[in-house]
Amino acid sequence: MNDHDEQSEAVLRHPGYAAGQLARAFTTAVTHEDADTRRRAEDRISRWSRVLDGMADGTLTIGSRTPAAGLPAWVTPEVVRGGFATGTASAGGPLRPYEVEAAREAGIPMSRRALFAYGLTEAGLSELTAMLDGGSYDIAVPEEAALLVVAWLVRSGDRLGALELLEVLQPFADRLRFAPRPTGLPVPTAQMAYRRTVGEAREAIADRRPNPAFEAMNEALTVWNPFADELLSHWLETLEYGRVLARTPDRSWYVRGTALLKRYRQLAAAHTRCGKHRKPKENLAILRTALEKATARRPLSARHIGLLQHAVDSMVRRRGLPGSQQHAALRGRQADVAACPPLHTLAQLVVRRLSALPQQSGTPEVESLLRPVTEAEHELSGLPVGARIPEAIRGPVEGALSAPIGTLIERGVVPSAEVLAELVPQLVASTTALAYGDEALRSLMAAHYRAFRRRRSLLLLNLEHQVRLEELPWVQAVAGHRRGGDEARHSAGAALVQLGELALQGFPATILPNPLLREMGALAREAGVDVPLVEELAVDIFMGTFSRKFLAAAKIAGDLLRGTLYERYYGIDYRTIAAIDATTKTEQYGERPSQAFADLCHKRAAARRSWSPAVNGMVIEQAQILTSHNLATLVHKTGVAPAPGWADLACRCFTAVCGLTARVHHNPRPLNAIKDAAYGWRHMVFYLSLCRPTEAAAVVSWLEDETARQPGHVAARLAPAVAGLRLVADGGAFDDAGTAQDGRARRFLGWSTDGHWMRAEPTVQTARG
């Protein structure tokens, strides 16, 4: 560990971060107006308090694979924001309701150790086997699969394997849940993906409550707007050539005015949701106040007459005279809006529709759940026939659609690569489980895989890796029952290619998120393919070096990109990278990962080693550039080739870059938008490098024209980057600082320590020029 590493470790293990999180949670718990938010903040207070207590008494070692004293690495830790472990096991805590019920039915003490022992009796194993065969269980954390694995091993005749696993589990039988929650339905298959279960969709809309703003709007449309029309019509009787009180009102005018004011008081007492009519500067209030003075036979001052005249004129100008075609059309549209049922009543209707479906999985069809109100539903609920389900309800329901992931991306159910990463375990689980020949074990391991992928990552130091699936004792216990046939490898390889193409085609300008890379890595291992996928590193805990797979990924990128636009644009010498050794030998430590790749990244970033997130970001960005951050690996090693073609992906990248650049304008914190735009730009250069020369030239010309069509501030900010791309495409090159000799062309990078050139607010003249 060098000085930089020691400094990083000291910062991470300082309690300041945890104390800050605790303070924020405390403030929210005390001040927030929403009860549920306060309750969640109280939970965070409890968890962060455990973090601080553990750091203080030495029972927690932040940055270690085994952060909690007495718990091995395979135990799923409770993890809070930033990867901090609380010292509590996710499978621990008080008995769950299903455990209490199981103990009561078995007639045993209410303890985990008693439940564990019962699971090993003949009756207990029989129950576990029935659950295993029926697939009627839910695994929330990986540990809950352990006793099902024991039951399977016993049934399959592998009693030695069962005993060895029990020896590992026994010391923790009093603390951890090793059996799953029984359910009435089988474990859902993972051939189709869904963003949320039907039950989750139902819960998401079931708590819709009457919206005060909606009710106030409806009251304004149905009560106060019509009354304002009556007041306006009453005052219009006194007009002559646009002047109020130009005619002397007769006695009946005063009588009718008094009746209007009496009705106003009745309406105000009965309809209290909308208070706009009470505001003195509102037109309705001005007309009413003037009428009160007039009916009381008190003279109106010049000021009151001016206000009254302005109110009448503005109402007529905006809406037309009451009874006119313009006015009638407006009030008709408003009546249609007011006739729409409140959101919470439509939500309850959809809740009833969802309740009739299985709750533990998605649904293959959502159109019938979102159809307009039917005649039969009108009879039951009173909702108007044909009333449409609003978007606020449609979104959660569409999230329960069960379909191929590509379909979900096309329909917008999966809006980002991060959401895609959430769904991928459903696909990968079924693919990796194909290696198990027994159907019951296959279903169990697929369900277990999904639970394992919900395990939150720990904050780790010294390039340590997260706990892997194959390290879990119950997975090791059935490892000998895996089959290594060509069929399983082929399925995993095909799934890897499919997933890579879905990610690039669906989100071409986005770097692949770490959870998605983990799933791809699992498929690659299952397929027997050596694919060095590199994660996005956190700038605030970067140790100044890289693991071996970064160099391996950079060499793969060199094999694909040597001599291309990408190599020339970023000033890379892939021949030099190809000559770097992956390891070095030292007298003290023997063979260690080579530091040469990290040294190259620091040199390219022109950054000295320091504890600075900006400097770290520059170094990490250079590693992403040299490796193409997994793009070259997927294309060159797995054969990923999205159907729309590389030119299409390059154009879509530039469109995304324009959108991100637009966010920089008048933004006090634009760095995230600049960084993401630079990543999208890098992807665009990569895709361009895979195009045929004529195709790439056409795309470069297109993006120059497209830049000119952007808003002025976007075009101005992108102009140096576009000029730099044209410079390199035409055979030119940047200098060592990443600029051209005339200073108008720049290499587009995302990180900087001296103020990014894209931050400067351009003038309109500069943009148009």
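Author: Start with a pair of helices: helix 31 passes helix 33 in a right-handed crossing. The model is a predicted one.

Reader: How is such a pair described in general?

Author: Two packed helices are described by the angle between their axes and the distance between the axes. In this case, the axes of helix 31 (residues 671-689) and helix 33 (residues 712-729) cross at roughly 20 degrees and come within 13 Å. Helix 31 is therefore roughly parallel to helix 33, since angles under 35 degrees count as roughly parallel.

Reader: Which residues make the contact of helix 31 with helix 33?

Author: Helix 31 contributes Trp681, Met684, Val685 and Leu688, and helix 33 contributes Ala721, Val722 and Leu725. By class, this contact has 7 nonpolar residues, with no polar and no charged ones.

Reader: At what angle do helix 30 and helix 32 pack?

Author: Helix 30 (residues 646-662) and helix 32 (residues 693-708) pack at about 20 degrees, and their axes are 10 Å apart. That angle makes helix 30 roughly parallel to helix 32. Their crossing is right-handed.

Reader: Which residues of helix 30 and helix 32 meet?

Author: From helix 30 come Ala647, Ala650, Cys651, Phe654 and Thr655; they meet Glu695, Val699, Trp702, Leu703, Glu706 and Thr707 of helix 32. The residues of this contact divide into 7 nonpolar, 2 polar and 2 charged.

Reader: Now the voids. How do I tell a pocket from a cavity?

Author: The test is whether the probe can get out: in a cavity it fits but cannot, whereas a pocket is open. An example of the open kind is the second largest pocket, with a volume of about 880 Å³.

Reader: What lines the second largest pocket?

Author: Its lining has 36 residues, and those nearest the centre are Arg604, Asp736, Ala737, Arg747 and Leu749. Helix 26 (574-578), helix 27 (596-605) and helix 28 (613-627) each supply at least two lining residues. Helix 28 gives the most, with 5 residues. By class, the lining divides into 15 nonpolar, 11 polar and 10 charged residues.

Reader: How many cavities of 30 Å³ or more are there?

Author: The count is 4. The largest cavity holds about 70 Å³ of space.

Reader: Which residues line the largest cavity?

Author: They are Arg65, Thr66, Pro67, Ala68, Leu71, Pro72, Ala73, Val75, Pro77, Thr88, Arg455 and Leu458. This lining has 8 nonpolar, 2 polar and 2 charged residues.

How values were computed: Residues are numbered from 1 along each chain as its sequence is written. This is a predicted model: local features need pLDDT of at least 70, side-chain atom pairs count only at pLDDT 80 or more; totals for chains, interfaces and linings use all residues. Side-chain values use heavy atoms; hydrogens and water are left out. On a 1 Å grid over the protein atoms alone, a cavity is a set of points where a 1.4 Å probe fits but cannot get out, and a pocket is an open set with protein on both sides within 12 Å along at least five of seven lines; lining residues have an atom within 4 Å of a point. Grid points are joined across faces, edges and corners, and a volume is the space filled by probe spheres set on the points. Helices (H or I, at least four residues) and strands (E, at least two) are DSSP runs, numbered from the N terminus. Ala, Val, Leu, Ile, Met, Phe, Trp, Tyr, Cys and Pro count as nonpolar, Asp, Glu, Lys and Arg as charged, and the others, Gly among them, as polar. Axes are lines fitted to C-alpha atoms, for helices over the stretch in contact, and angles run from 0 to 180 degrees between N-to-C directions. Angles under 35 degrees count as roughly parallel, over 145 as roughly antiparallel, 65 to 115 as roughly perpendicular and the rest as oblique. A crossing is left-handed if the near helix is turned anticlockwise from the far one by less than a right angle, and right-handed if clockwise. Contact means heavy atoms within 4.5 Å.
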